[in-house]
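Here's a quick briefing to read alongside the model. Have the sequence and the 3D view open as you go.

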Amino acid sequence: MPCRTLLKQKRTLADSTKGTEIMIRSQLRLFAPLLGLVLLAAALSVVASIDYSSLRAAAEPAATGVRNFPIKNPIDKFILQRLQEDKIETSGLCSDEEFLRRAYLDVCGVIPSRAQTKEFLADRSSDKRAKLIDKLLKSERYADHWAVLWGDLLREHTNSRPQEGTERGSYREWLQSALRRNLPYDQFVKELLTSTGSSDDNAAVNFFLRDSESRVETVNTIANIFMGTRLSCAQCHDHPFDKWQQTDFHGMMAFFGRTVVGPDPVATLLRVEQAKRLPEEARKLLEPHFKEAHEMAAKEKEKLKSELASGGGGMGMGMMGAMAGMGKGRDAMREIEKSLTPQMAQQVRQVFQQNQVRQVLDKPLGEYKMPSEGDSQDKKKKGGDIVQPTFPWDLSKKVPATGSRRVALAEFLVTNRQFAQVQVNRLWAQLMGRGIVDPVDDFRAKNPPTHPELLDYLADEFVKNKFDNHHILRLILNSSAYQRSSVPTMNNRSDTTNYSHQKLRRLTAEQMFDSILVATGREKGLAGTPTGDIAGRIKERVAPRDAGVQWASDLPTPARTGTFLNTFNQPTREETIVKRDDSGSIPQALEMLNGQAINNAVKNSPLVKELADSKLHPNQIACELYLSVLSRNPSNTEMSTAATILNRAADAKEKREIIEDLMWAMLNAREFAFVK
Amino acid sequence: MSKPMPTGTSRGTIDCDGKSGLSRRNLFKAGAFSFLGLSVADLMRATVLAGPNDVARCDSVILVWLSGGPSHIDTWDPKPGQPTGGPFKPIDTSATGIQLPEHMPTIARNMKHCALIRSMTSKEGSHERATYEMHTGFKPLGSISHPSMGSLIVQQKGKRNEEIPAYVAIGGNQAVGAGFLGSQFAPYYIGDINNATRNLDLPGIDDERFKRRVDILKAVDKEFSSQNRDPEVKEYGTFYRDAVKLMYARSREAFDINRDDRELPYIKNYGDNSFGRSMVMARRLVEKGVRFVEVNLGGWDTHQNAFTAIENNLQRLDPALGNLIEDLHARGLLKRTMVICTGEFGRTPKINAQDGRDHYPKCFSTFIAGGGIKEGYVHGCSDAGGTEPKDNPVTIGDLHATMCEALGIDGTKENMTPQGRPIRIVDKGTPVKALLA
């Protein structure tokens, strides 16, 4: 049977190769005349003539072994060991220009500005790379950039979708704030897992609000992003090719058996009171309930919560009960609706729905029951056997008889070895393009780490340094392994797992967006991007910001289909994304060629204006453009090519247009789209 | 701001018979093309469609997606006289024995060309999950992103026209994409039907200037692309090539719906609104050889005041879908074009306190016509109340298998995910032979 499967796989592969061949051949036939153009040159470069970079490498005396590999810290020791064993040589260290751009994009999610590039290149001190790393880790953009990654992992939405919580930007704000403070990672996870209250009190509850009442995705998320485990299969059956059993999944579910996500009636009523769309007639009828809400809000919050938690002691009354779905309150709501026209009643319902605030609470008692087979609602409600909480990664962990189960779970997690490994592995993958365990959410015996000692070392460092993300990032960023050139040599071209050269990585949607802003020297967001209440709200709540700039991280997520960010593969955030789709597409190319965002950015670029109005020599204009867009000086050939075109300008108008075209071309160059 | 385009009859003809298809604009474009080294002869060659395939009954699919989950009882499966039958009166159609609600007169008129499945059944009752399943044939998993049927069809059947994208999605904001097949097979998305050529038109510059830009780009790109020959870098270049190709392709006029006066009477018939225009474009795209077009019509999540909402929706759906069928038939295209109209699930027979119906995957209906589907036929039926399939239940997998059968695709074939996991084109399901003519 396994043989048959193998055969089948082989056949499928053969089929697909054949298909590709045919496609390439037919494309060649159709577009042979196009091939002169560099846009296509790459398609043929497999057979292309001479590879100068590898020739250069081969000519150097050290080419027989590993070269240019200063041991900066223990990371390099582990990497070097493997390279020597496998007789793979390394590419040289990257230039200052390459390092600068790479570090900015990796740490801050954006290219350096022209001024920042000039400053760094002019710095003659020997420790300037280390100094830059420290500066970037402390910058505001660090939090913005890494909050995008965490948004993908936690499926952060800013949409105003009350049924899914995530309260209009408050989740983003919480993530950015935690990252800005460099909140120790164990604390970060504990705060998410043990959060209670409404998002107005504690925005970490969005971790639960995101999935409303269901904890299935909560368990999947915890397993996936905190423990690098794909547990979701075990929801319905034992995992087909891993050790996980259905009881593992539901043992995890049981940690949340007492956790309730429900309406926060007081906060909801206070919001409804402010709603402009509430009809006047309804406002009058609701007045006593608003008053009551204000009184309740004034009472000690904790007291209210404990009342609610114990099964609704204070909940018999008015509108609050209605929102909690309780008898007396529901009747009060019906009474109010009766005295309104059906249309108006509907509008009131909508206002309540749109302004609903939810909260997360733990009941003191209650058990999780195994869901039973079948679709019948009755069966679902009755449920199966009681399941006790168990921690799948260490079944010896015993849950204390008293106290919060969620607190117990958080403690089990952060003290587990794999917890630390998963996070350092994620940080490594972000900077190196590949996890030591890869994919980063697939830790299991049959998918071992490529460098187990390195993984251990980083995990040890992480735990020893109180789960300090910056400490790990600093180690990686300062290593020679990170600071290697991305240009392969003849010898290491095919290496993908030993870090002999840096991996080229596509800029994410947000990195592209923000880098276009910096490259063109623009002060405001790209045209054609959504603005409005939600973006405004995020912006206003995240302070202090660079004046006037609207970064991608200030915009609502997920971006609407067809917008710049969406076109460049910003995920829908419906499922956990551990690795962005980094493939290109025709719509992406069209967006860069003809899109409103990029063309307005170029047309209105302050840098274009500055250069067009200046008396700078064409060579200097070329340099300024290369520094601003590609974060480097042009080569002599590039400079003279640009200067020749600039010299053709008949008048001031044409000069300006040529500068625009140069900038446009640099933004469209493939170099711009990659972290190299 | 962009260069004004000649309109109306001076445009090239739709069919491609060589010389007569070349208008002034096309000639000019061909001239502009020469800077990319492509001759007029190449242009002509690029529009020739691939010939029909022997195994296949069908070349293209139009999926009319009713997002939100349309009520089967108030659309394809009327239950007159039942307590939960709703207020709509049934009318006879051109197909013997098939009745539809009174608000579907145009579809009723063309029902003799179409079929219905009244015994669809599934288990997913949440919008996102059910939408995913109806598009991909798989339940969503945290770990695998499955390709939609459109992507699979393009991957399996290839392009019929090299010039334009083979998979186009119009409207909606939750298009299910290519999943693990990669963005090469993702839908080309048109968000605003009235601005469908948004990034195909030059941004307020002329062809000369665009040529200069591309020349500069060539120079700027040289060093990097010669140093880095990663497949990703190469691939990124090919998307640029295909993008420029599309900008200057003759076939792109399929997108230029608002610049073609010949379509005015059709737009009037289909409905002069976003959806009507989208359906006209769907027909134009199929005429140009696009494999899969998905058109979205939202507003079917009718938890409250369902009957007013559904009546409104039908006023848009009926003329557009009815006239699309009539139009495809008149042009001889219906034979090899499958039109499927469905949503993610049906709605409860029970009418709730807000005069609405809630999510109901257990029993619903799907409209299907053309591309080898039997004409004037109903497959399966629901019980008297529309609560469950009474005979011949059809699963989503069965529907996908039927589509594959008509297209000549072996649904049992497997694709490999990047993680090396084999995934069948159709997970579980057998073609409904009775539906095929």
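How far apart do the C-alpha centres of domain 1 of chain B and domain 2 of chain B lie? They lie 35 Å apart, in what is a predicted model.

**Domains of chain B**
- The domain assignment gives chain B a domain 1 built from 23–50 + 197–255 and a domain 2 built from 53–192 + 264–435.
- Where the two touch, domain 1 of chain B puts in 12 residues and domain 2 of chain B puts in 10 residues.
- On the domain 1 side of that contact in chain B, you'll find seven nonpolar, two polar and three charged residues.

**Chain A overall**
- Chain A carries 34 helices and seven strands.
- Of its 676 residues, 46% are buried.
- Take the contacts in chain A between residues at least 6 apart in sequence: 69% of them join residues at least 24 apart.

**H33(A) meets chain B**
- Helix H33 (residues 652–668) of chain A packs on helix H6 (residues 207–227) of chain B at about 55°, and their axes are 8 Å apart.
- That angle makes H33(A) oblique to H6(B), and the crossing is right-handed.
- From H33(A), the contact uses Asp661(A), Leu662(A), Trp664(A), Ala665(A), Met666(A) and Asn668(A); from H6(B), it uses Arg212(B), Arg213(B), Ile216(B), Leu217(B) and Val220(B).
- Sorted by class, the H33(A)–H6(B) contact has seven nonpolar residues, one polar and three charged.

**H33(A) also meets H31(A)**
- Within chain A, the axes of helix H31 (residues 618–630) and H33(A) come within 10 Å and cross at roughly 35°, again with a right-handed crossing.
- Ile621(A), Leu625(A), Val629(A) and Leu630(A) on H31(A) meet Ile659(A), Leu662(A), Met663(A), Met666(A) and Leu667(A) on H33(A).
- There's nothing polar or charged in this one: the contact of H31(A) with H33(A) has nine nonpolar residues.
- Leu662(A) and Met666(A) turn up in the contact with H31(A) as well as in the one with H6(B).

**H28(A), a buried helix**
- Nine of the nine residues in helix H28 (residues 586–594) of chain A are buried, so this helix is largely enclosed by the rest of the structure.
- The buried set includes Pro587(A), Gln588(A), Glu591(A) and Asn594(A).
- Within chain A, the buried residues of H28(A) pack against helix H27 (564–567), helix H29 (596–603) and H33.
- They also pack against strand S6 (188–190) and helix H7 (231–248) of chain B.

**H22(A) and H24(A)**
- Helix H22 (residues 417–432) and helix H24 (residues 469–478) of chain A have axes that come within 10 Å and cross at roughly 40°.
- The two helices, H22(A) and H24(A), are therefore oblique to each other, and their crossing is right-handed.
- Val424(A), Leu427(A), Trp428(A) and Leu431(A) from H22(A) meet Asn469(A), Ile472(A), Leu473(A), Ile476(A) and Leu477(A) from H24(A).

**A closer look at Ala293(A)**
- Ala293(A) sits in helix H15 (residues 280–298) of chain A.
- Is Ala293(A) buried or exposed? Ala293(A) is buried, because 23 other C-beta atoms lie within 10 Å, and 20 or more is the cut-off.
- Beyond its neighbours within four places in sequence, Ala293(A) is in contact with Val266(A), Leu269(A) and Leu270(A).
- Ala293(A) and Val266(A) are 27 residues apart in sequence, yet 5.1 Å apart in space, C-alpha to C-alpha.

Definitions and conventions:
Residues numbered from 1 in each chain as written. Chains lettered and ligands numbered in written order. Predicted model: local features only at pLDDT ≥ 70, side-chain atom pairs only at ≥ 80, totals over all residues. Axes fitted to C-alpha atoms, helices over the stretch in contact; angles between N-to-C directions. Helix = DSSP H or I, 4+ residues; strand = E, 2+ residues; numbered from the N terminus. Parallel < 35°, antiparallel > 145°, perpendicular 65-115°, else oblique. Left-handed = near helix turned anticlockwise from the far one by under 90°. Contact = placed C-beta atoms within 7 Å. Nonpolar A, V, L, I, M, F, W, Y, C, P; charged D, E, K, R; others polar. Buried ≥ 20, exposed ≤ 12 C-beta atoms within 10 Å, placed from the backbone. Domains from an automatic or database assignment.
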